[in-house]
There are 2 protein chains.
Amino acid sequence: MNKIYETSLLLDFYGQLLTDRQYEILDLHYNNDFTLTEIAEQLNISRQGVYDNEKRGRALLVEYENKLGLLGKFSQQKHKAQNVLEMMKKLRPDELGKENTDIIEKVITEIEDLANNI
Amino acid sequence: MNKIYETSLLLDFYGQLLTDRQYEILDLHYNNDFTLTEIAEQLNISRQGVYDNEKRGRALLVEYENKLGLLGKFSQQKHKAQNVLEMMKKLRPDELGKENTDIIEKVITEIEDLANNI
């Protein structure tokens, strides 16, 4: 997982445990592609202030995940749901029958929801 | 959800953010059915000390869930997986065909895992 995507997910999971300023800076940088210089201008604070908050905020997010591992747990569940979807794609529709086909369609919708909801 | 079950789940999710003492007391009380008096004797501290740690520890767990909502998110996913299992039980095995039956069996095993893994 690359650093930008990982931080964006961690921010989604644990962002509410950061200070408002840390959250704001990480959100601008990792979710909205602002450079640290652009953030400093935008928030009217020093580049060093942005850098320190970014570093500390990200370190906290990583620390929370190391302690709680909930992003890892969710990712595993998501991966499992995606595997199930792959398996269901191999079903032979010509051998299902009408009632079963209806059920399978509903099941696939639900599992797609599980696989994407993270 | 009753208080004991809820606290036990919260402890599983956020327990690593508590102090060792808070965790120990909540674990003994909510996972191992010790009374606060028994815990005081066991740890050789005052009953008031146990009470304060239990109260503060539980308040922190509730606060973390209010901020992050990850237990709620997990519970929803689990509920969805259980719904899918219920739907799959309505499949008519006599109209599936051999290959589809094999796939469905594997899928059910995976979804049971999703439904129970919380």
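Modeller: Buried stands for under 20% relative accessible area, exposed for over 50% and partly exposed for what lies in between, using a 1.4 Å probe and protein chains only. The model is a predicted one, where local features need pLDDT of at least 70 and side-chain atom pairs count only at pLDDT 80 or more, while totals for chains, interfaces and linings use all residues. Residues are numbered from 1 along each chain as written, chains are lettered from A and ligands numbered from 1 in written order, and side-chain values rest on heavy atoms, without hydrogens and water.

Colleague: Is B:Gln22 buried or exposed?

Modeller: B:Gln22 counts as buried, with a relative accessibility of 7%. This residue belongs to helix H2 of chain B; helices are DSSP runs of H or I with at least four residues, strands runs of E with at least two, both numbered from the N terminus.

Colleague: And what is B:Gln22 in contact with, leaving aside neighbours within four places in sequence?

Modeller: B:Asn53, B:Arg56, B:Gly57 and B:Leu60 are its partners once those neighbours are set aside. Contact here requires heavy atoms within 4.5 Å.

Colleague: Now H4 of chain B. How many residues, and how far does the helix reach?

Modeller: H4(B) covers residues 47–68, which is 22 residues, and spans 32 Å from first to last C-alpha, close to the 32 Å expected at 1.5 Å a residue. The expectation is 1.5 Å times one less than the number of residues.

Colleague: Which residues of H4(B) are buried?

Modeller: They are B:Gly49, B:Val50, B:Glu54, B:Gly57, B:Arg58, B:Leu60, B:Leu61, B:Tyr64, B:Glu65 and B:Leu68. Viewed down the helix axis, these buried residues fall within an arc of 155°, so they line one face of H4(B). The arc is taken over directions from the axis to the C-beta atoms. B:Lys55 and B:Asn66, on the other side of H4(B), are exposed.

Colleague: What covers the buried residues of H4(B)?

Modeller: The cover includes H1 of chain A, along with H1 (3–14), H2 (20–31), H3 (36–43) and H5 (70–88) of chain B.

Colleague: Where in chain B is B:Asp33, and what is its phi?

Modeller: B:Asp33 sits in the loop between H2 and H3 of chain B. Its phi is near 60°, a positive value in a residue other than glycine, and B:Asp33 is exposed at 63% relative accessible area. B:Asn44, in the loop between H3 and H4 of chain B, likewise has a positive phi near 60° and is exposed at 71%. Just after H4(B), B:Gly69 adopts a positive phi of about 65°.

Colleague: Turning to chain A, at what angle do H1 and H5 pack?

Modeller: H1(A), residues 3–14, and H5(A), residues 70–89, pack at about 110° with axes 10 Å apart. That makes the two helices roughly perpendicular, a class running from 65 to 115 degrees, with under 35 roughly parallel, over 145 roughly antiparallel and the rest oblique. Axes are lines fitted to C-alpha atoms, for helices over the stretch in contact, and angles run from 0 to 180 degrees between N-to-C directions.

Colleague: Which residues make the contact of H1(A) with H5(A)?

Modeller: A:Leu9, A:Leu10, A:Phe13 and A:Tyr14 come from H1(A), and A:Leu70, A:Leu71 and A:Phe74 from H5(A). By class, this contact has seven nonpolar residues, no polar and no charged.

Notes
Ala, Val, Leu, Ile, Met, Phe, Trp, Tyr, Cys and Pro count as nonpolar, Asp, Glu, Lys and Arg as charged, and the others, Gly among them, as polar.
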